[in-house]
Amino acid sequence: MTASFLGGYLFRLSLPWFDEDKPPGSLSSQVSEQAIHRYIEALRHIEERAIFSAPAGNTQDLVASSLKAYLAQEDPYSDFLTPEEYIKFKGIGSSRYAGIGLDIEKRRNGDIICYPVANGPAALAGIKPGERLLALDGIPTPGKSLPAVAAMAAGQAGTEVVAELADLSGVTRQVTVTRSAVPAPAVSEYTFRSVRIIKLPYFTPNTRQELHHLLASWSEKDAIVIDLRGCGGGDFYAAVDASMLFLERGEPIISVSSRTGVRLYTATMAKQRPAQRVFLWQDEFTASAGEIFIAALTENVRGTSVGRTTAGKGTRQDIIELQDGGALILTTGYLITPHGTQFEGSGLAPMHRVEKSTHDTEAFFSKIAALIN
């Protein structure tokens, strides 16, 4: 896992003293002193007198546990990271830590779904796409935020982590994975039946640049086929920027509805968009950033979607750094497509449906071949 492998999440770093979406003066706390004193008093009694409590002096653990429990109860995508957890999470992708090459998606029921990176440690160890991740080194993962799971998987290169998994039938097993650096491009391509196909497994800050470089070599005679199957998400702004490669200046990309209002993101680039027809492959595992990209192209009549209804991860999360070094991960907005569709929990239906098949790529290819001809 690396910092970019956060399927189903759309992150933005939000510092406690600055938020571009909030008007000046709106950051003042509405939490009453009475409530704070009541909470502190209750914690003290729990720490000193409860038979189930840990030894005195672990008030920070009690606070962390209560915050995690409250956020998990209210929203499956929100979480609290202790300073130790957040330091490790921020270090993912640096030379200090190595991962296991696993893209992950979190479902609303708390399940963590696995998508191993091709030829990465997880794939080489035998982890299959679509399996549920139940635990890492004996620590349960369902219900945890994706940053927390990513931090659990990270460690020194060459060390091992034991993953407990469940397949689609519910059969469980354990797999030992050796951590290592997993360089993975944001954009790649493959050929199927002599047709070039672009693969977007997730969105990173490099996606737009790599996609633009690849399109520069595309023949004007060939349709552009972009495979977003299994794209679990990624960076919010990366999806917005990548969409601009195909849109005219001023065309709508996505809106975010938050407690402070609705903010519309539009294309700001003035360069010529590709002239070729664009086909977008989607499935039930296409989420968040992938859904933003698909909605922007299809609803601006720039792309044709083919496949199955997407995952329906239509919210955005902000990482808010706390003064003690910890962090809050909060769901702060709902995503709305250019046509006004809020797709959280429902997904985006394809323009042309492809039924699930053991020969999925063949079925997708046949569908676009029929549309082209």
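Aspartate 137 is partly exposed, because its relative accessible area of 45% falls between the 20% and 50% limits. In this predicted model, aspartate 137 sits in the loop that links β5 (132-136) and β6 (139-140). Its phi is near 50°, a positive value in a residue other than glycine.

**Positive phi**

- Most residues other than glycine have a negative phi.
- Valine 301 also has a positive phi, near 55°, and is not a glycine.
- Valine 301 belongs to the loop between α8 and β16 (304-307).
- With a relative accessibility of 74%, valine 301 counts as exposed, since the value is over 50%.

**Nonpolar cores**

- In soluble globular proteins, nonpolar side chains tend to be buried together.
- The largest nonpolar core has 40 residues, of which Phe203, Ile226, Phe246 and Phe293 touch the most other members.
- Two or more residues of this core come from each of α6 (207-215), β11 (224-227), α7 (236-243), β13 (252-258), β15 (278-282) and α8 (289-298).
- The greatest contribution to this core, seven residues, is made by α8.
- A second, separate core comprises 18 residues, including Ile112, Val149, Met152 and Val161.
- Beyond residues up to four places away in sequence, phenylalanine 293 touches Leu200, Phe203, Leu211, Ile226, Leu228, Ala239, Ala242, Ser243, Phe246 and Leu280.

**Proline 274**

- Proline 274 lies in the loop between β14 (261-266) and β15.
- Proline 274 is classed as buried because its relative accessibility, 15%, is under 20%.
- When neighbours within four places in sequence are set aside, the contacts of proline 274 are Leu215, Ile224, Leu245, Phe246 and Arg302.
- Proline 274 and arginine 302 are separated by 28 residues in sequence, and their C-alpha atoms are 9.8 Å apart.

**Cysteines**

- The structure contains zero disulfides.
- Cysteine 114 has a relative accessible area of 0% and is therefore buried.
- Cysteine 231 is likewise buried, with a relative accessible area of 0%.

**Surface patch**

- A nonpolar patch on the surface is formed by Ile36, Tyr39 and Ile40, which together have about 260 Å² of accessible area.
- Tyrosine 39 is located in helix α1 (residues 33-49).
- The relative accessible area of tyrosine 39 is 33%, so this residue is partly exposed.

Technical notes: Residues numbered from 1 in each chain as written. Predicted model: local features only at pLDDT ≥ 70, side-chain atom pairs only at ≥ 80, totals over all residues. Heavy atoms only, no water. Core = buried A, V, L, I, M, F, W, Y, C linked by side-chain atoms within 4.5 Å. Buried < 20%, exposed > 50% of the residue type's maximum accessible area, 1.4 Å probe, protein only. Helix = DSSP H or I, 4+ residues; strand = E, 2+ residues; numbered from the N terminus. Contact = heavy atoms within 4.5 Å. Disulfide = S-S within 2.5 Å. Patch = residues over 30% accessible without salt bridge, like charges linked within 9 Å, V, L, I, M, F, W, Y side chains within 5 Å. Areas by Shrake-Rupley, 256 points an atom, 1.4 Å probe, with all protein chains shown as cover. Salt bridge = Lys/Arg side-chain N within 4 Å of Asp/Glu carboxyl O.
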